[in-house]
Each structure stands twice: as C-alpha cells, then as structure tokens.
Amino acid sequence: MILEYQAFINGSFRDSNKKQDIINPASGEVIARVAVANQMDAEEAINAAREAFDQGPWRRISLAERKNCLLKISQGILDKAAELAKLETLNTGKSIKESTFMDIPSSAKTFEHFANNLEKYLSGQEITIGSEAESKLVYEPRGVVVLIVPWNYPLLIASWKMSQALAAGNTVILKPSSLTPLTALELAKIVKEAGLPEGVVNVLNGSGQELGELLCSDQRVDMISFTGSNEVGRQIIGYASKNVKKLLMELGGKSASIVFKEVDLEVAVNSALTSIFLNQGQMCTAMSRILIEDDIYDKFVADFVAKAKKIKLGDGLNYESQMGPLISEGQRKKVLSLVEKAKKEGAKLLCGGKIPADPALNKGFFFEPAVFSDVKPQMSIFQEEIFGPVACVSKFSDVEEAVSLANATEFGLACSIWTKNSSLAQDIAAKVNAGTVWVNTYGMFYNEVPYGGFKQSGFGKELGREGLLEYARLKNIISDRSQEGKPLVSHWYGF
Ligand code: NAD
C-alpha cells in the first residue's frame with residue numbers, strides 16, 4: 001500500500017497539486033506520495049506561526065500547561081513506536097534495530113526531558129549591584145523558529161529541535177529533508193492529537209532549494225535551527241544575512257577515534273566498527289578517521305578488516321541485517337567517487353568500497369563497507385566528509401602526533417579516545433578541537449548535556465540547558481535601588 005501525506009499548516013493538513021514519490025532505498029519501491037509545499041504554502045506557514053506566536057495562547061499559557069503538551073507528544077510517539085520505527089526504516093533503509101531501540105524511543109525521551117526540565121532550565125536570575133540597582137534576568141521565547149532537518153535521523157533530529165523550541169515557548173515551521181519526510185509528518189499528526197494551538201507547529205515537505213530562501217530570509221522568522229551539510233549551511237547564513245536573526249548551525253564532521261595501546265583491543269575494534277558503520281556511516285559524528293598507536297596497529301587493522309568483511313548487508317526490516325542501503329543513488333555515487341579518488345591518491349583499500357554483486361541487493365542502494373589504510377592527512381579522504389561507510393585508518397607513534405592528526409581537518413565535531421590511562425585521556429580531551437569528546441565510548445547523546453561542533457562543524461548547542469537556551473532570548477530588567485528615589489542617572493546632567 002502506498003501511503004499518502006499532506007503538509008501541516010495552521011493546524012490542518014493541506015493537499016497540494018504537486019506530489020512527490022518517496023522511495024524505499026532498500027528496494028527502490030515507492031512507499032508514499034507526499035504533498036510538495038510551494039512558496040504560497042511556505043508564506044502561509046510563516047503567517048500561521050507568526051500569528052500563533054504574537055496573538056495565540058502558546059507563549060502565555062503556564063509552564064505547567066506547556067509541559068503537559070510536550071508530555072502528550074512524547075506519549076504520542078511511544079504509542080505509535082512500532083509503526084514509526086517501521087516507517088523510519090522503510091524510508092531511510094536503516095536497521096529496524098536502530099530505529100526501534102534508538103531513534104524512536106530517544107525522540108520520545110527528548111520531549112519528555114524538556115517537558116520535565118523546562119521550568120528549571122528557563123529559570124532566570126536576580127543580581128544585586130551594590131546599593132544601586134537590581135537586575136532581573138529573564139528567559140523569553142525568541143518567536144518563530146524554522147527547523148531544517150537532514151535525512152540521516154529524520155524523527156530524532158526533528159524531535160530534538162522541536163522539543164527545545166516548543167519548551168522555550170516558540171512557534172515552529174519544520175522542514176524535513178525531502179528524501180525522508182514521513183516521520184516528521186507523522187509527528188505533525190501526534191502534535192495535532194496532543195491539542196497544541198493552531199499554528200504553533202507547521203510541517204512542510206519540499207525542496208530546500210525552493211523553500212529555503214523564502215523561509216530563512218523572511219524577517220518574520222526570528223531563528224533558524226539547521227542541521228545539515230556545510231554547503232547548505234553557508235547558503236542559509238547568506239539568506240539570513242538579509243536581516244538579523246539567531247542561527248544555530250550543526251554541520252558536517254570528519255571525526256577521529258584515537259586508539260592507544262593500553263586498551264581492551266576487542267572492545268576498541270568493535271566500538272570503532274560501530275562508530276563508522278552504524279547507520280551506514282551516514283552520521284555527522286561518524287568516526288571516519290581511526291588513528292591507532294603503532295604498537296597495536298597491525299593487529300587492530302587485521303581484526304577490524306576481518307569483522308568489516310563479515311557485516312551482513314540487507315533490507316533494514318530484516319532483524320538479521322547489520323547494514324542497510326545508502327539513502328539514495330545520488331549518495332552512493334558520491335561515496336563511490338570519493339573511494340575512487342582515495343585509491344588514486346594512494347590510500348590502500350583493504351576491503352569493500354564497491355556495489356555488492358549479490359543479486360538480492362541489486363534493487364537497493366547498497367554499498368560494501370570500505371576500509372582504507374595508509375591514509376595521509378593531505379589526502380582528500382582524510383579531509384572530506386564522505387557520509388558513508390568508509391573508514392580511514394592511520395598510524396601514530398606518540399601523543400603529540402595523535403593530537404596533531406586528530407586536529408588536522410577543518411571540522412571539529414567529535415572525538416573518541418580509547419585508553420585505560422585516564423589521565424592521558426583527559427590530557428588528550430583538553431587538546432583536541434572537538435565539541436564532544438567520548439572517552440572509552442562513542443555516540444552517547446544524553447538529553448541532559450549539550451552537543452555541538454567547533455570550527456567548520458558549526459556553532460551553537462543542542463540538548464541540555466545550554467541547548468534549550470539557544471531557543472530563548474535573555475532579557476535584562478534593571479531597576480534602580482538608590483535611596484530616596486534619586487536614581488544616579490538623574491545627576492548626570494546636573495538637573
Ligand atoms: P543537506 O544540507 O543537503 O540538507 C539538510 C536540509 O537542508 C534538508 O532538509 C534540505 O532539504 C535542506 N536544504 C537544502 N538546500 C537548502 C537551502 N538552500 N535552504 C534551506 N534548506 C535547504 O544535508 P543532508 O544531505 O540532508 O544531510 C547530511 C549532512 O548533514 C552531512 O553533512 C552531515 O554531516 C550533516 N549532519 C550534521 C549533524 C550535526 O549534528 N552536526 C547531524 C546530522 C547530519
């Protein structure tokens with residue numbers, strides 16, 4: 001059965017003359033037909049979100065009521081968890097284990113976390129300035145926030161952004177990737193069932209090139225929260241420069257795992273495999289560069305390659321599959337061309353890096369996980385984000401070299417350090433240019449603590465109190481405390 005979806009604007013679902021087929025990347029089959037929003041729909045969504053913010057009840061209701069709405073959304077996600085997990089797998093190709101145990105429950109948990117903590121996170125401060133003045137710092141919502149989301153974690157990233165934006169009292173327009181809009185449009189249904197006022201949440205499926213400029217350059221939009229590629233991030237910064245608005249940019253990465261000799265080798269190998277091959281390597285925090293201390297290099301690489309060769313490719317809906325297809329034919333072509341370039345530049349391909357010969361896989365966009373050794377910092381494969389299942393392995397001989405290699409890219413998203421020597425780990429953590437550092441672990445995101453990149457990986461944080469406060473503006477209310485009603489300011493001109 002082919003599912004049908006419409007845009008969600010001002011509390012109602014709207015059809016469109018233009019429809020887009022949504023493809024299952026494991027089979028190439030059409031799974032849904034989705035209304036494509038045009039510029040008029042984007043206009044209406046901005047109007048609806050603006051009016052709901054300026055005139056609607058959302059920003060005026062009590063924090064307890066706001067909390068209640070977010071808890072209903074969280075519960076709504078849990079009530080449909082199995083259906084959403086299946087849909088996410090059908091649309092992205094990721095393993096059903098990942099969508100069932102990670103993407104969907106984590107989405108619900110994020111709404112729950114910000115519901116339960118919004119009052120604490122948004123609490124202001126009072127500061128007394130000697131006997132002169134008293135300052136009240138108050139967090140307010142920013143207004144209309146446009147949320148632009150990529151295709152690798154469609155519901156999860158939409159939920160991070162939407163839960164924080166709503167918890168802070170904003171109204172939103174969510175634009176999912178046009179490759180993966182299905183769970184975002186299911187989220188719209190959940191929001192409607194949760195009874196949020198009309199216009200507080202709007203969800204538009206459509207091409208970024210067509211809708212992006214309109215949504216991002218409009219002065220009625222107060223903030224853009226974007227997760228995606230550097231190329232599009234730069235375009236959005238350009239659109240936003242037409243007026244002044246808050247930006248949150250979560251961009252690309254080329255993160256490094258640093259593996260020292262004092263490790264449990266099996267744990268380090270298994271974790272390194274997960275950190276690059278989970279979700280077909282289509283993760284911003286993929287540890288696509290694995291730096292290994294020379295004493296354990298040969299053994300590590302041999303074990304890593306042996307296990308990479310055994311990864312079972314297949315339809316994500318099959319619980320036996322360990323790796324699904326890439327998101328699209330276009331993405332597979334991009335990954336293939338970077339693999340070819342790496343070979344020409346002298347990197348040594350140890351396994352994979354090609355379209356599988358298995359006829360059972362020939363309808364989907366499958367790709368054999370690749371491992372390159374002898375990768376040097378000047379090679380493009382060391383520098384460019386591939387966003388696919390391609391691991392680059394390099395050797396280091398001392399701490400200085402490890403840090404220098406880890407920092408030798410323009411990105412600064414994350415780093416993973418593997419060693420039993422905890423003071424060494426903390427020393428390295430202080431020296432690497434990465435917004436998130438995992439020590440003896442990888443990919444653990446917690447709603448309680450912020451996440452975000454440095455350098456070309458973007459700016460601003462998601463999650464934690466710091467993440468929520470990105471979606472709030474800080475007002476400073478200063479009151480005079482001088483004695484006898486004679487504020488200092490009145491003396492300046494001697495009046
Ligand atoms: P993308 O930049 O192509 O698209 C992201 C979103 O932007 C999509 O919704 C797309 O429709 C929209 N878009 C495209 N052109 C636009 C425009 N001109 N104006 C406004 N919006 C536009 O990224 P993608 O291919 O969907 O995702 C992969 C990229 O996302 C990778 O670079 C990856 O590193 C990055 N990413 C970063 C993080 C992070 O937290 N730092 C997380 C996930 C993905």
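## Exercises on a predicted model

The largest nonpolar core has 99 residues, and Ile73 and Phe304 have the most contacts inside it; such a core is a set of buried Ala, Val, Leu, Ile, Met, Phe, Trp, Tyr and Cys residues joined through side-chain atoms within 4.5 Å. The largest share of this core, 9 residues, comes from helix H5 (residues 154-167), where a helix is a DSSP run of H or I with at least four residues, a strand is a run of E with at least two, and both are numbered from the N terminus. This is a predicted model, in which local features need pLDDT of at least 70 and side-chain atom pairs count only at pLDDT 80 or more, while totals for chains, interfaces and linings use all residues. Residues are numbered from 1 along each chain as its sequence is written, and side-chain values use heavy atoms, with hydrogens and water left out.

**Exercise 1.** Find which residues Ile73 touches, not counting those up to four places away in sequence.

*Solution.* Take contact to mean heavy atoms within 4.5 Å. With that rule, Ile73 touches Phe111, Leu166, Leu187, Ile190, Val191, Ala194 and Leu196. A second, separate core has 32 residues, including Phe260 and Phe396.

**Exercise 2.** Determine which polar side-chain atoms of Lys175 and Ser229 lie by the ligand, and at what distance.

*Solution.* Begin with the rule that a polar contact is a pair of N or O atoms within 3.5 Å (within protein, one must be able to donate a hydrogen and the other to accept it, and residues adjacent in sequence count only if both atoms are side-chain atoms). A polar side-chain atom of Lys175 lies 2.8 Å from a ligand oxygen atom, and one of Ser229 lies 2.6 Å from a ligand oxygen atom.

How values were computed. Buried < 20%, exposed > 50% of the residue type's maximum accessible area, 1.4 Å probe, protein only.
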